[in-house]
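Subject: Handover of the structure, with notes

Dear colleague,

I am passing this structure on to you, and my notes on it follow below. Please read them with the model open beside you.

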Amino acid sequence: MAPPNNPVNSIPVPLMSSDHSDKHFDLSDGIFSVNGVPILSDVPNNVTFSPFMTLCKNFDAPLPLLERVVSKSHKGGFIGFEKEAPSDRLINSIGQFAGREFLSVFRFKTWWSTMWVGNSGSDLQMETQWLLFNVPEINAYVIILPIIEGSFRSAIQPGSDNHVMICAESGSTQVMSSSFDSIAYVHVSDNPYDIMKDAFSAVRVHLNTFRLLEEKVVPPIVDKFGWCTWDSFYLTVEPAGVWHGVNEFNEGGICPRFIIIDDGWQSINLDDTKSPTKDQENLVLGGTQMTARLHRLDEGEKFRKYKGGSMLGPNPPSFNPRKPKQLISKAIDLEHAEKARDKAIKSGVTDLSAFESEIMKFKHELAELFGGTEEKNSGDNEDTGNNAGDVGMKAFTRDLRKKFQGLDDIYVWHALCGAWGGVRPESTHLSSKVVPVIVSPGLDGTMDDLAVIKIVEGGIGLVRPSQSVEYYDAMHSHLADSGITGVKVDVIHTLEYISEDYGGRVELAKDVYKGLTNSLVKNFNGSGLISSMQQANDFLFLGTKQISMGRVGDDFWFMDPNGDPMGVYWLQGVHMIHCAYNSMWIGQIVQPDWDMFQSDHICAKFHAGSRAICGGPVYLSDSLGGHNFDLIKQLVFPDGTVPKCEHFALPTRDCLFRNPLFDQETVLKIWNFNKYGGVVGAFNCQGAGWDSKERRIKGHSECYMPMTVSVHVYDVEWDQSVEAAKVFDQAVEGEFVVYLDQMEQLFIVTAKSNRIQVSIQPSTFEIFSFTPIMKLGDAAAKFAPVGLANMFNSGGTIQELKYNVDSVEMKIKGGGHFLAYASEFPKKCYLNGVGVDYFELSDDGKLSLFMPWIEETGGVSSLEFVF
């Protein structure tokens with residue numbers, strides 16, 4: 001748990017005001033400028049600008065954070081506007097611009113955001129969450145950040161004639177206003193990474209409705225390997241399948257340290273069910289459950305009837321590992337048949353008998369598969385072992401941990417409102433009501449989405465907001481008692497749909513997130529939660545007092561759901577772009593989670609390279625039998641931990657105002673730190689992107705081609721970490737060794753060296769690991785460790801590093817090919833205190849030896865070279 005905030009009365013009086021007399025921003029004569037450089041022109045007379053300290057009256061924040069914000073308060077302020085008539089949705093220009101580069105993030109779906117670049121106000125997209133200007137005239141950057149004011153939230157959208165429009169909306173026709181003083185925050189900085197940190201820090205102090213990542217503790221899964229059940233089972237997930245899935249990893253040599261039992265475990269049914277107290281049968285694919293509602297708050301029947309010990313006994317329930325894929329395949333046949341019928345209806349076909357006959361055929365075959373007699377359900381097994389009196393999720397999680405003793409955390413999925421369709425009225429002790437869905441006009445420019453269509457169709461069973469604390473505690477306390485250590489909360493951004501009668505979207509969100517926050521603290525150690533489908537400012541500014549991890553990309557799609565055969569390739573690059581650029585803002589508030597992928601996917605290595613240096617958890621959604629263990633072992637240690645970077649990955653400066661998806665010239669580069677070095681990953685993501693006219697992400701095959709990337713040691717933003725800056729300064733004569741993971745090449749570079757240029761094929765990558773070269777005391781030898789070269793993030797394997805007068809000592813985690821640079825042959829080498837002579841030094845300075853994995857030491861070996 002993070003330490004409590006400092007009380008207001010402990011803050012020194014001089015801190016309350018900024019002594020800086022320099023004035024960065026000016027709004028006069030219709031020009032909004034920074035240090036004399038116009039940013040916006042034609043600013044309407046009803047728009048105001050107020051310096052930060054004139055409006056910020058809240059000082060309830062940790063003292064170091066507050067001091068940092070106040071010290072930079074002269075660099076920021078608030079934009080407001082006033083209208084003649086009050087409304088629940090007000091749109092106002094804040095000026096126009098053209099000919100200036102910008103980077104932005106906008107919502108392309110209700111739930112998901114992505115990057116967008118341009119150079120005029122007309123290039124902006126609807127529901128833009130922030131707008132970053134490049135101001136090279138003064139070597140600076142300016143951000144405009146729409147925020148919360150009162151009961152209104154805001155977003156940016158394009159206007160006519162290059163105008164930038166700010167949209168403030170309450171989400172309820174009963175909640176209106178006509179004026180705002182601080183509906184957006186603006187900030188200036190000479191560093192594009194500082195500006196994100198400084199702006200969100202200022203807004204955190206001003207609003208006091210959320211906390212920054214630096215104030216919170218992240219979930220323990222952050223540096224571990226995991227498995228999510230979704231792509232393996234979809235909605236057919238059940239105990240025996242989960243058991244077999246974990247066991248496959250265990251037998252492959254790497255047992256997951258956490259699992260996520262995804263959608264399909266709950267007690268849900270549809271409104272037209274004939275048995276409102278029973279679970280819906282034969283659900284398989286995502287989409288079929290999106291109008292279903294919870295009818296009880298504990299696990300569904302599949303998990304409720306699990307009998308303790310049944311999977312541990314000598315005669316465990318039989319399980320056909322081929323069955324999940326058979327069910328999924330048949331369900332896809334059924335889905336295609338139903339779509340064909342619907343298409344025929346739209347085209348005017350009246351005789352639908354052939355379509356209906358095929359649909360009934362597939363339904364019958366699907367039911368037969370579900371009711372196959374070759375298997376016994378885990379709940380029907382008579383041999384229950386030693387724990388016959390125990391049943392349900394609690395018995396199952398206990399058995400899992402008994403069998404797989406490295407399994408630390410078990411998470412389960414649920415929607416923010418319970419299920420996709422919420423909670424069924426009169427089915428629990430709580431008061432719930434099916435609320436019709438109203439989609440905000442701001443989302444009209446977003447991509448068509450099956451989830452939205454289904455939710456609009458069915459409405460949401462909303463538990464009375466005043467019961468949110470009781471609601472989440474009822475669900476989560478049962479889960480915690482059942483051995484569940486965390487939850488993945490999905491479908492988060494639905495509250496804006498149903499806020500009309502609940503005080504608007506801001507007030508409804510405050511009520512709901514209060515309940516979720518309280519339950520997280522009480523039931524899941526204050527951190528056991530992954531937020532998902534949440535990439536909008538409502539959630540980040542209102543729901544993250546305690547939540548400390550969140551998804552930064554759309555779902556991992558193993559192929560394009562719209563049928564583009566190239567989507568199996570280009571969608572993978574799109575996913576990485578989402579994650580990299582969303583981390584710029586979401587990473588200020590929660591730990592970025594780059595989502596799962598499949599290790600046997602055709603682009604699995606492409607994904608693995610990005611996950612290796614993303615700085616977050618690594619988890620897969622492999623189907624049963626679908627594992628590439630050779631690849632997994634380049635990401636994960638045998639004990640299920642990962643060589644995690646110290647920070648979260650971010651795009652390099654030269655990518656910020658470029659389009660790495662379809663400009664035919666930019667390779668995505670992301671940077672990060674290891675404990676003793678820096679790392680840059682270069683990923684060729686070209687080949688797709690957002691089309692604002694078609695309102696969808698589509699392929700650009702003309703961009704899917706090899707690209708040349710140039711990389712330099714300064715691509716790593718060393719000054720973004722005190723520790724990393726010290727590492728950079730240690731380099732003797734400014735020299736670094738850089739190891740190219742895919743090319744297996746080692747180079748010596750300096751800050752003055754030319755950039756390293758490499759050609760990268762589509763959907764491939766290169767990882768550049770930089771380590772400062774040190775001179776060993778009185779010896780003439782120079783040395784720099786790379787780490788284990790058989791791991792994607794080789795530098796992450798170096799746990800400790802100490803230079804002596806004539807030797808270097810290290811602790812290395814993992815097993816395999818240790819690599820370092822050495823200017824001369826070592827006199828001696830000690831591995832775990834024992835002298836060894838099987839190391840080698842090549843002519844180009846590659847010093848290498850094989851290191852075994854030692855289970856007794858947690859895989860950590862001591863290594864010393866004497867020169």
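Two strands are said to pair if DSSP finds at least two bridges between them, and the strands themselves (E, at least two residues), like the helices (H or I, at least four residues), are DSSP runs numbered from the N terminus. This is a predicted model, in which local features need pLDDT of at least 70 and side-chain atom pairs count only at pLDDT 80 or more, while totals for chains, interfaces and linings use all residues. Residues are numbered from 1 along each chain as its sequence is written, and side-chain values use heavy atoms, with hydrogens and water left out.

I begin with the strands that share β46. Strand β42 (residues 828-831) pairs with β46 in the antiparallel sense over four bridges, and within that pairing Leu831 has Leu863 of β46 as its bridge partner. Strand β40 (residues 807-813) is likewise antiparallel to strand β46 (residues 860-866), here over seven bridges, with Ser807 standing opposite Val866.

Another group of strands forms an open sheet of five, in the order β37-β38-β41-β45-β44, with antiparallel pairing. Because β37 (774-775) and β44 (840-841) stand at the edges with a single partner strand each, one side of each is left without a neighbour in the sheet. Within this sheet, strand β41 (residues 816-822) and strand β45 (residues 846-851) are joined in the antiparallel sense by six bridges, and Leu819 stands opposite Ser848 in β45.

An open sheet of three strands, in the order β1-β2-β3, is also antiparallel in its pairing. Its edges are held by β1 and β3, each of which has a single partner strand, so one side of each is left without a neighbour in the sheet. From one strand to the next the twist averages 35 degrees, where axes are lines fitted to C-alpha atoms (for helices over the stretch in contact) and angles run from 0 to 180 degrees between N-to-C directions.

Strand β1 (residues 25-28) is joined to strand β2 (residues 31-34) by four bridges, and Ser28 stands opposite Ile31 in β2. These two strands form a hairpin with two residues between them, and Asp29 in the turn has a positive phi of about 55 degrees.

Turning to the helices, the axes of α14 and helix α15 (residues 604-612) come within 10 Å and cross at roughly 10 degrees. That makes α14 roughly parallel to α15, given that angles under 35 degrees count as roughly parallel, over 145 as roughly antiparallel, 65 to 115 as roughly perpendicular and the rest as oblique. In this contact (heavy atoms within 4.5 Å), Gln572, Gly573, His575 and Met576 of α14 meet Phe606, His607, Ser610 and Arg611 of α15.

Finally, there is the second largest pocket, which is lined by 38 residues, with His647, Phe673, Gln720, Ser721 and Glu723 lying nearest its centre. On a 1 Å grid over the protein atoms alone, a pocket is an open set of points where a 1.4 Å probe fits, with protein on both sides within 12 Å along at least five of seven lines, and lining residues have an atom within 4 Å of a point. Among the elements that give two or more residues to this lining are α14 (567-586) and α3 (192-207), and α3 gives the most, with eight residues.

With best wishes
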